[in-house]
Amino acid sequence: MPDEMKVFVHLQLVTMAASDTAYGWIDDGAVAVVGGLIDWVGPRKQLPQTYAEFPKIDLGGRVVTPGLIDCHTHIVHGGDRAVEFEMRLNGASYAEVARAGGGIVSTVRATREAREDQLLADALRRVDVLIAEGVTGIEIKSGYGLDVRTELAMLRVARAIGQHRPLHVTTTFLGAHATPEEFTGRNDAYINDVCIPALRAAHAEGLVDAVDGFCEGIAFQPAQIARVFDVAAELGLPVKLHAEQLSNLGGAKLAARYGAFSADHVEYLDEDGVIAMAQAGTVAVILPGAFYTLRETKAPTIDLFRKHGVPMALATDINPGSSPLNSLLLTLNMACTLFRMTPEEALRGVTRNAALALGMDYTGVLAPGQRADMAVWDIKHPAELSYRIGFNPLHQRVFGGTA
């Protein structure tokens, strides 16, 4: 019998699929896999006779969830910003650091100077930490090149990560992340002369799955982001947006108008913006790492997302400045502790809703037809994944049915 045909048995299933039970829980479940896809899922006692001769893999009664997905990362970059971390602790704000030539621009310098093989080696070390926590999918943004050459280099490195590790990688062009030093005070010229040409070049090379931007007072105005999104639409690329992180410029409404996969950060979002997202089906990506690191006090409007039925995803936002967070498990705890999300909401945020935020319709839940991407945990209840701090209970990671 082919190796790709197997049944995982003796497990507590957390499917995250629509269900009458919390977490989509199935007691004493089984998962049949054929060709890397889930063929059947349900209680073990109901396993169809069709699978009677399939090899059985006994998981010892452990809890099994979908593989985790980190749907917002800046994991490819050069250098670090530990000194700026110290500056902020001494009283400088995120905006003040940026105006002093630090922030994103300082990482741009380091990234431009790094070779692609260096960027890849450094990124793989960070990726391996996530894989060890049961992550099977990750989004990776550009945005630290801010010139055509380096933006494309970052996206090539992101693509290479998916070739070097068993991991779903989606790439996001984030040329509208900041204005480089050579374009200081000339944001419109940067959009025209660098950002849009870089987007077209990256698309021509097949390096882009989605387009993002940073809509903020220290970055780009909605009208400037709209010009980038118009090109994305012309190229048939979906969009997402860093919106309402430090102020409310109407970025989420803009994102919704373009049918964005997600609006991310959204701490300063108002109810009108939430309603626009709900109507567009745009996911709210909650990023507690940046909130924590920047010592922000304005939390995202979790209650409004619940009220209007906006799906909430969670991500590390791993980056060298505002969120040097390399743990999706810690992100779960932070979302519950800082924002009062429930453990079930948090877990949905790194599985089903994270997949929605990336347009991944093939993973994120345990259901027939989905990829057999699973995380096997030495826990008794899925709430433990949010409850514990600094503890990784992963027993086994399964990617496409293969451990």
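Me: Hi! What volume does the largest pocket have?
Reply: Hello! The largest pocket has a volume of about 390 Å³. Keep in mind that this is a predicted model.

Me: Thanks. Which residues lie nearest the centre of the largest pocket?
Reply: Ala98, Arg99, Val105, Thr179 and Ile218 do, out of a lining of 18 residues.

Me: And which helices each supply at least two residues of that lining?
Reply: Those would be α2, covering 94–99, and α3, covering 104–113. The largest share comes from α2, with three residues.

Me: How do the lining residues of the largest pocket divide into nonpolar, polar and charged?
Reply: There are eight nonpolar residues and eight polar ones, plus two charged.

Me: OK, on to the second largest pocket. What's its volume?
Reply: For the second largest pocket, the volume is about 160 Å³.

Me: Which residues lie nearest the centre there, in the second largest pocket?
Reply: You'll find Asp80, Asn319, Pro320, Gly321 and Pro324 nearest the centre, and the lining has 15 residues. Helix α1, residues 82–89, gives the largest share of that lining, three residues.

Me: How many of the lining residues of the second largest pocket are charged?
Reply: Four are charged, alongside five nonpolar and six polar residues.

Me: Let's switch to the sheet. In what order do the strands come?
Reply: It is an open sheet of eight strands, in the order β5-β6-β7-β8-β9-β10-β11-β12, and the pairing is parallel.

Me: Why is one side of β5 and of β12 left without a neighbour in the sheet?
Reply: Because β5 (68–70) and β12 (312–314) stand at the edges, and each has a single partner strand.

Me: What does the twist average from one strand to the next?
Reply: The twist averages 25 degrees from one strand to the next.

Me: Nice. Which strands does helix α5 touch?
Reply: Helix α5, residues 148–164, packs on the sheet and touches β6 and β7 (168–176). The direction of α5 makes about 170 degrees with that of β7.

Me: Last one: where does helix α7 lie?
Reply: Helix α7, residues 222–235, lies across β7, β8 (210–215) and β9 (240–243). Relative to β8, α7 runs at about 175 degrees.

Definitions and conventions. Residues numbered from 1 in each chain as written. Predicted model: local features only at pLDDT ≥ 70, side-chain atom pairs only at ≥ 80, totals over all residues. Heavy atoms only, no water. 1 Å grid on protein atoms, 1.4 Å probe; cavity = no way out; pocket = protein on both sides within 12 Å on 5 of 7 lines; lining within 4 Å. Points joined across faces, edges and corners; volume = space filled by probe spheres on them. Helix = DSSP H or I, 4+ residues; strand = E, 2+ residues; numbered from the N terminus. Nonpolar A, V, L, I, M, F, W, Y, C, P; charged D, E, K, R; others polar. Pairing = 2+ DSSP bridges. Axes fitted to C-alpha atoms, helices over the stretch in contact; angles between N-to-C directions. Contact = heavy atoms within 4.5 Å.
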